[in-house]
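Keep the sequence and the model side by side.

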Amino acid sequence: MKKLLIALLALVMVAGCSSKPATSTPNTGGEAGAKTSADYVYVFATDMQSMDYVVTQNAGDHEINANLVDGLLENDNKGNYVPALAEDWSANEDSTVWTFNIRPGVQWVTSTGEVYDELKAQDFVTGLRHAAEFNSQTIGLVQTSIKNLDAYVNGQVAWEEVGVKAIDDYTLEYTLEAPESYFDTKTTYSILFPINQEFLEAQGEGCKLGAADVNKCSFGNAANYDSILYNGGYILTSNVSKSEQKLVKNENYWDAEHVYINNVTRVYDDGSDPASTVNGFENSGYSEANILVSSDNFDATLDKYKDNAYNGLQNTYTFGMNFNFNRTNYNHTNKTTDKEKQDTYNALQNTNFRLAMKTGMDRVSYMSQAMRQDIAAMALRNMECPYNFVLTSDGKPYGDLVVANVTTATELAEGTDPFYNPEKAMEYMKKAEAELDVTFPIKLDMLVQQNDKTLVAQASSLKQSIESSLPGYVEINVILADDDTVSRASYTAVGPEDTDWDINTSTGWGADYLDPKTYLNIWSIKSGDVIETTMGIAKADNPSYNDPANQAAIKAVGLDKYQAMLDEADAIVNDNDARYAAYAKAEAFLIDNALAFPIQTQTRAVNYHLAKFNPFERSYSMAGISGYKFKNLVVTDQAITVADYQAAKEAWMK
């Protein structure tokens, strides 16, 4: 369980996407102290809930936490893995033992900037133990990876048997259960970040290692800025729910010469006014803005900024349509009979019904509610993994391997729509009709944030295209609700009992490390990070896993077969080409059975954008949370031009 489960809001800030693979390289440095920057001001859409960075999985937290605490490595502006708190690193011949040499002289500081202690290798041991004992939402990223960590979590061994050791003050060693050539790419995710033990245990008796009690530990309380120590580029000075977040530069940061922005201010925006960021850009000193097609003055605004409004690149987040295969909660529905509920349950477990939904949806029209129609296709994604996420040894993109195994499409390239076909949708539906004993139309509940005009418009588009493609067979009930209600049913849902919907498009996934497993394992019935909240399926550690209805749903949709494919792929540890090919077969199974239906990357990544900075200067992160860092970014008082952006892009792509 790793990760960044995030709300699909156009305002969320993320890094861009590149067709180049990330690699591990030495730090190339830069022009130290040669730049100055204006302050950064923009918006946030999701409250920061926790500063306990090794425990939380929420992107709304990591957008801040990534700037407060560093990890062993970070990403440079081209996605290369470069030294951060580790000066250098190496692995043994079979990649089962990884050694990181810790940078001397890195200081932990308090919320007032006062030096507390020097960072040591033991702090990484403390961080992982705290994560394990506090049931980190992201422990699955390393639980079966680091030797004996799974056994420790399950109370079978002592901590001293876990494969993480401080050899001395500046040497950290991880021993793994099996070879893992990509383990170093996990270090940019916060589960492996350090914590000072003395400070941790001073935050309450429940914080003591070996005596965890979440109710008696205040470490990482987001309302108390002094509840953590800082070693990153910034210190948090304000965090007011649905109001503001403020950060100030950490003058004792080990790499302070590459932190150019002195003050970061983020103001809350619920998305109810599509023109809000442009208004802020013009009147409130915002450093960037989105020009959204749903705003009343879109055409005039785009014309006004025709020389400055650029289209970005896709990022590595994937959003799509999720199906609830075993719904148990009906607080939000207009179904009036048990038969309607059972018919929906049966229909969603039918492969041809799901394929009919998939091929009946006009995704370009859907994206046109958030973007101008002529660029709407730019945001489309056809598989869970980005097409070029990893490359084989001969340079072939992972997407080519998936295409070779898919039977329901002939291409899967980013920015194309190989699925929308109303005639094909009706063919699938006729097959489903022959296989199902249900009464049509099938009624599907969809919860949508009522204050977000873009999301409401997209839901309306989804309803219109699917119902038009499948007249008399499907009825989509768009249920408008407040943000908190939708969040509890998707974004912050803790189990299948919270998933009060039939179809859902409000959550997405981004990579935690450079391997297809980071995407495809989220629907593992053994350890999937979001299978419970995006499919309504209880996984193996849930007491409901063996319930007959849960097991029946798993078998009906083929998740047991999918799990077998995941296991086969993950067992290949010494041949990345064979490993990628095996994962490609699992991804093809997802696609051909419409178990999950990818639709898009984040809208903000490719929509019309204004910025007072060069976006190619900041950290580019294919995986992990480095992409949220403000480090290396320089803000000016003028919007860059489209010509400036294109020149910077061309230089970056070289």
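Is Cys-385 buried or exposed? Cys-385 counts as buried, because its relative accessibility is 0%. Buried means under 20% relative accessible area, exposed means over 50%, and partly exposed lies in between, with a 1.4 Å probe and protein chains only.

The model is predicted: local features need pLDDT of at least 70, side-chain atom pairs count only at pLDDT 80 or more, and totals for chains, interfaces and linings use all residues. Residues are numbered from 1 along each chain as its sequence is written, and side-chain values use heavy atoms, with hydrogens and water left out.

Now take the disulfide. A disulfide is a covalent bond between the sulfur atoms of two cysteines. Here the criterion is a pair of cysteine sulfur atoms within 2.5 Å. By that rule the count is 1 disulfide. Cys-207 is joined to Cys-217, with 1.9 Å from S to S. The link of Cys-207 and Cys-217 is right-handed, with 100° about the S-S bond. Both Cys-207 and Cys-217 lie in the loop between helix 4 (197-201) and strand 11 (234-240), so the pair ties together parts that are 10 residues apart in sequence. Helices (H or I, at least four residues) and strands (E, at least two) are DSSP runs, numbered from the N terminus. Cys-207 is buried, and Cys-217 is buried too.

Strands of a sheet pair through backbone hydrogen bonds, either parallel or antiparallel. Two strands pair if DSSP finds at least two bridges between them. This open sheet has 4 strands in the order 2-13-12-11, with mixed pairing. Strand 2 (40-44) and strand 11 are the edge strands, each pairing on one side only. Neighbouring strands of the sheet are turned by 15° against each other on average, direction ignored.

Look inside the sheet next. Strand 12 (residues 244-249) and strand 13 (residues 263-268) run antiparallel and are joined by 5 bridges. Val-248 has Asn-263 in strand 13 as its bridge partner. Helix 1 (residues 59-68) lies across strand 11, strand 12 and strand 13, at about 150° to strand 11. Such angles run from 0 to 180 degrees between N-to-C directions, with axes fitted to C-alpha atoms, for helices over the stretch in contact; contact means heavy atoms within 4.5 Å.

The rings come next. Rings of Phe, Tyr and Trp (its six-membered ring) pair if their centres lie within 6.5 Å; planes under 30 degrees apart count as stacked, over 60 as edge-to-face and the rest as tilted. This rule gives 24 aromatic pairs. Tyr-40 and Phe-630 form a tilted pair, 4.8 Å centre to centre with 50° between the planes. Tyr-40 is in strand 2 and Phe-630 in the loop between strand 22 (608-611) and helix 20 (642-653), 590 residues apart. Tyr-40 is buried at a relative accessible area of 1%, and Phe-630 is buried at 0% relative accessibility.

Phe-419 and Phe-597 form an edge-to-face pair, 6.5 Å centre to centre with 90° between the planes. Phe-419 lies in the loop between helix 10 (398-403) and helix 11 (422-435) and Phe-597 in strand 21 (residues 597-600), so this pair ties together parts that are 178 residues apart in sequence. Ring pairs also link Tyr-310, Phe-616, Tyr-620, Tyr-645 and Trp-652 into a cluster.

Finally, charges over rings. The criterion is NZ of Lys or CZ of Arg within 6 Å of the ring centre and within 35 degrees of the ring normal. Lys-424 has its charged end over the ring of Tyr-428, 5.3 Å from the ring centre. Lys-612 lies over the face of Phe-281, at 4.8 Å from the ring centre.
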